[in-house]
Amino acid sequence: MELLITIIILALIFDYINGFHDAANAIATIVSTKVLTPLQAVIWAACFNFIAFFIAKYVIGDFGIANTVSKTVHEQYITLPIILSGIIAAVIWNLCTWWKGIPSSSSHTLIGGFAGAAIAAHGFGAIQSAVILKIVLFIFLAPIIGMLVAFLFTLIVLNICRNAHPHTTEIWFKRLQLVSSALFSIGHGLNDSQKVMGIIAAAMIAAHSQGIGMGVNGVADLPDWVAFSCFTAISIGTMSGGWKIVRTMGNRITRVTPLEGVVAETAGAFTLYFTEYLKIPVSTTHTISGAIIGVGATRRLSAVRWGITRNLMTAWILTIPISALLAALVYCLISFWG
């Protein structure tokens with residue numbers, strides 16, 4: 001029971017870290033365009049992260065992404081030391097990328113850690129290959145979808161506003177950024193909170209199979225406090241901010257105007273809602289980065305700082321294997337000392 005409690009606490013700590021690590025996703029454009037101050041922006045985003053809980057529970061009616069994450073590893077191979085190793089590795093990688101200001105994927109860090117520890121314990125047969133491949137596929141698809149949707153949205157909006165007075169347009173799009181940021185924050189809450197729920201569900205399922213109880217055989221059996229705690233932790237984390245990543249997302253990829261900020265956040269939110277419907281965990285970081293690239297590309301391809309973009313893509317691709325290797329190492333250490 002002590003190990004299960006430790007895992008739940010560490011998972012919620014990771015959720016908190018995820019919040020301040022990914023705060024930039026929802027607030028970078030709204031801060032860089034000076035619609036809100038950084039403090040106002042993180043409070044705004046945190047509120048809608050939390051509202052996502054009520055949307056998932058009472059509007060959508062289930063936690064499909066949490067269910068997908070909990071099935072990353074075959075149930076018979078899931079043990080508490082494996083989950084503990086995955087979470088420790090995810091926390092380490094998330095803190096390292098935050099420290100360096102790299103907007104990597106918290107979700108892929110968590111999934112890579114979970115899978116890596118299972119592979120170290122039982123070999124590649126322990127993981128659900130179909131689930132992992134689907135998640136890996138969307139490492140590439142999510143930013144591409146975000147980029148294409150943002151590119152299309154930008155062209156449509158520019159065409160609609162072509163005769164509008166620039167000053168009037170800027171005022172209206174600054175106001176609309178509040179809406180688009182809220183929409184994206186809801187998508188962030190829906191997506192990322194459920195990943196931690198999935199890990200806690202896997203831990204409770206493993207504990208139940210070992211006779212510890214709690215009666216959890218799947219995500220549907222989770223007590224309400226689990227979901228509530230996950231959405232609360234990410235909201236508090238968002239309020240803590242992630243200023244190094246805000247600078248990367250808000251200015252270093254491409255300069256963003258209020259109009260472009262609205263389009264990027266709306267395109268990112270659209271992509272997150274689409275993947276929520278498919279029950280596929282994706283990276284909010286990848287999604288909004290792709291959308292910002294799509295917005296910049298409508299001006300001219302040179303408006304996007306492709307050197308920065310290549311560095312980001314390298315970090316995205318390396319996240320799962322590095323976190324998997326870290327988790328395998330942690331699992332070996334835990335097994336050795338245990």
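**Basis.** I worked on a predicted model in which local features need pLDDT of at least 70 and side-chain atom pairs count only at pLDDT 80 or more, while totals for chains, interfaces and linings use all residues. Residues are numbered from 1 along each chain as its sequence is written, and side-chain values use heavy atoms, with hydrogens and water left out.

**Helix H7.** I took helices as DSSP runs of H or I with at least four residues, numbered from the N terminus. I looked up H7, which covers residues 166–209 and has 44 residues. Its span from first to last C-alpha is 63 Å, close to the 64 Å expected at 1.5 Å a residue; the expected value is 1.5 Å times one less than the number of residues. I then noted a kink of about 30° centred on Leu-176, the bend being the angle between axes fitted to the seven residues ending there and the seven starting there. Just after H7, I found Gly-211 with a positive phi of about 85°.

**H5 and H7.** Helix H5 (residues 106–122) packs on H7 at about 20°, with the axes 10 Å apart. Axes are lines fitted to C-alpha atoms over the stretch in contact, and angles run from 0 to 180 degrees between N-to-C directions. H5 and H7 are therefore roughly parallel (an angle under 35 degrees). Their crossing is left-handed, that is, the near helix is turned anticlockwise from the far one by less than a right angle. I listed Ser-107, Leu-110 and Phe-114 of H5 against Lys-195, Val-196, Ile-199 and Ala-202 of H7, contact meaning heavy atoms within 4.5 Å. These residues divide into five nonpolar, one polar and one charged. Ala, Val, Leu, Ile, Met, Phe, Trp, Tyr, Cys and Pro count as nonpolar, Asp, Glu, Lys and Arg as charged, and the others, Gly among them, as polar.

**H7 and H10.** I next checked H7 against helix H10 (residues 258–278), where the angle is about 25° and the axes are 8 Å apart. That makes H7 roughly parallel to H10. This crossing, too, is left-handed. The contact has twelve nonpolar, twelve polar and four charged residues.

**H2 and H8.** Last, I examined helix H2 (residues 38–60) and helix H8 (residues 224–240), whose axes come within 7 Å and cross at roughly 165°. H2 and H8 are therefore roughly antiparallel (over 145 degrees). The contact includes Phe-50 and Phe-53 of H2 and Phe-228 and Phe-231 of H8. By class, its residues are 13 nonpolar, four polar and two charged.

Notes
Helix = DSSP H or I, 4+ residues; strand = E, 2+ residues; numbered from the N terminus. Parallel < 35°, antiparallel > 145°, perpendicular 65-115°, else oblique.
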